Amino acid sequence: FIHNCLNAIRALSLKGDHDRADEYLEGFARLLRAVLEHSVRDRITLEEEIVFLQDYVKLEQLRLGDDFTWSITADQTLIDEEQLIPSLLVQPFVENAIWHGLAPKTGEKRLSVRFSETDGVVNCTVEDNGIGRTEKKDPVAGRRSLGLKLTGERLQLITERLENEGAFRVDDLKDEHGASLGTRVSMKL
């Protein structure tokens, strides 16, 4: 997360877009404060999570531009009941969708994050219309992405500690000809 944000600020600076780089830096500072505040708490309200995600996605929109649209929604009852969810679990999936699915894509880029409840379990779906996992090029030699692995391990540890059941699944979205339509991550929080 920090690495990606710093690279985005650097890229804006190198392009000479100092105003947007400055705006990104200010937003990054706010996000770091939120990460620090949320990291000392096992759970936060869903409303706090949504505000955090909105701040993060607005920051990324500075980098991606106007062809990037997004929505973050939740069942109103979850907000009204001040539903608690494990902190800092959804953002890595949103970040992954933006950086690896949407950023390399040309044309319209869409991201949707949805929180709902089924049988007393909070579900979160992160869906994008990006290039998909199968279209992704080989990683830079010597570098390995650990985001999904670490987030999965963290979800397992938190849910064991809180005596909950948490899980996530990643689905590649395809059209009738097998072409990529994006990615959907479904989580039980």
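Glu-108 is partly exposed at 46% relative accessibility, where partly exposed covers the range between buried (under 20% relative accessible area) and exposed (over 50%), with a 1.4 Å probe and protein chains only. The side chain of Glu-108 meets that of Arg-110 in a salt bridge at 3.1 Å, N to O, a salt bridge being a side-chain nitrogen of Lys or Arg within 4 Å of a carboxyl oxygen of Asp or Glu. The model is a predicted one, in which local features need pLDDT of at least 70 and side-chain atom pairs count only at pLDDT 80 or more, while totals for chains, interfaces and linings use all residues. Residues are numbered from 1 along each chain as its sequence is written, and side-chain values use heavy atoms, with hydrogens and water left out.

**Salt bridges**

- A search of the whole structure finds nine salt bridges, including the one between Arg-110 and Glu-108, in which Arg-110 is partly exposed at 40% relative accessibility.
- Arg-114 and Asp-75 meet through their side chains in another salt bridge, at 2.3 Å from N to O. Because Arg-114 lies in strand 4 and Asp-75 in the loop between strand 2 and helix 4 (76–80), this pair ties together parts that are 39 residues apart in sequence. Helices (H or I, at least four residues) and strands (E, at least two) are DSSP runs, numbered from the N terminus.
- Arg-114 counts as partly exposed, at 32% relative accessibility.
- Arg-41 and Glu-48 also form a salt bridge, at 2.9 Å from N to O; Arg-41 is partly exposed with a relative accessible area of 32%, and Glu-48 is partly exposed with 28%.

- Five strands form an open sheet in the order 2-4-5-7-6, with mixed pairing, and two strands are taken to pair if DSSP finds at least two bridges between them. Strand 2 and strand 6 (167–174) stand at the edges with a single partner strand each, so one side of each is left without a neighbour in the sheet. From one strand to the next the twist averages 15 degrees, with axes as lines fitted to C-alpha atoms, for helices over the stretch in contact, and angles running from 0 to 180 degrees between N-to-C directions.
- Strand 2 (residues 68–74) pairs with strand 4 (residues 109–118) in the parallel sense over seven bridges; within this pairing, Ser-112 of strand 4 is the bridge partner of Ser-71, and Ile-72 stands opposite Val-113 in strand 4.
- Strand 4 and strand 5 (residues 121–128) run antiparallel and are joined by eight bridges, with Val-126 in strand 5 as the bridge partner of Val-113. The hairpin of these strands has two residues between them, and Asp-119 there takes a positive phi near 50 degrees.

**Helices against the sheet**

- Helix 3 (residues 46–64) lies across strand 2 and strand 4, and runs at about 180 degrees to strand 2.
- Helix 5 packs on the sheet and touches strand 2, strand 4, strand 5, strand 6 and strand 7 (180–188), while its direction makes about 155 degrees with that of strand 4.

**A buried charge**

- Glu-95, which has its place in helix 5 (residues 91–102), is buried yet has no salt bridge, and the nearest side chain of opposite charge, Arg-63, is 8.0 Å away. For charge, Lys and Arg count as positive and Asp and Glu as negative, whereas His and the chain ends are not counted.
- Leaving aside neighbours within four places in sequence, Glu-95 is in contact (heavy atoms within 4.5 Å) with Phe-1, Asn-4, Tyr-56 and His-100.
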